[in-house]
Amino acid sequence: MKYVVIVAFVAIIGSLAAAGVFMMRGGVNEDSEAPRKRHMARALAFRVGFSVLLFVIVLVAYFMGWIQPTGLPLQR
């Protein structure tokens with residue numbers, strides 16, 4: 001389960017970095033503006049999709065008993 005979460009976080013960060021690259025890449029003419037926005041929107045959509053998928057996987061793993069909540073120890 002740890003590896004699934006790690007891979008999902010790497011995918012989320014990678015997609016966010018790709019969107020940042022597409023956003024920062026400058027174009028001289030106006031024709032390159034539309035493909036750049038399309039690529040950036042697709043990368044951000046993948047990021048949202050990966051985040052939702054990670055949440056669903058953690059929720060299913062909890063209900064299936066594959067992971068257990070540990071909570072924080074109380075300091076008294």
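This report describes a predicted model of one protein chain.

## Overall make-up

The chain holds two helices and zero strands. It has 76 residues, and 9% of them count as buried. Its accessible surface is about 6,400 Å². Carbon and sulfur atoms supply 71% of that area.

Contacts can also be sorted by distance along the sequence. Take those with a separation of 6 or more: 68% of them join residues 24 or more positions apart.

## Helix α1

Helix α1 covers residues 2-24. It has 23 residues. From first C-alpha to last, α1 reaches 33 Å, close to the 33 Å expected at 1.5 Å a residue.

Four residues of α1 are buried: Ala8, Ile12, Ser15 and Ala19. An α-helix has 3.6 residues a turn, so residues three or four places apart point the same way.

Ala17 is also in α1. Ala17 and Arg47 are 30 residues apart along the chain, yet their C-alpha atoms are separated by 9.8 Å.

Helix α2 spans residues 33-64. Val56 lies in this helix. With a relative accessible area of 40%, Val56 counts as partly exposed.

Val56 also belongs to a nonpolar surface patch of about 1,100 Å².

Conventions:
Residues are numbered from 1 along each chain as its sequence is written. This is a predicted model: local features need pLDDT of at least 70, side-chain atom pairs count only at pLDDT 80 or more; totals for chains, interfaces and linings use all residues. Side-chain values use heavy atoms; hydrogens and water are left out. Patches are made of residues with over 30% relative accessible area and no salt bridge: like charges are joined within 9 Å, nonpolar side chains (Val, Leu, Ile, Met, Phe, Trp, Tyr) within 5 Å. Accessible areas come from the Shrake-Rupley method with a 1.4 Å probe; for residues, only the protein chains shown count as cover. A salt bridge is a side-chain nitrogen of Lys or Arg within 4 Å of a carboxyl oxygen of Asp or Glu. Buried means under 20% relative accessible area, exposed over 50%, partly exposed in between (1.4 Å probe, protein chains only). The expected span of a helix is 1.5 Å times one less than its number of residues. Contact means heavy atoms within 4.5 Å.
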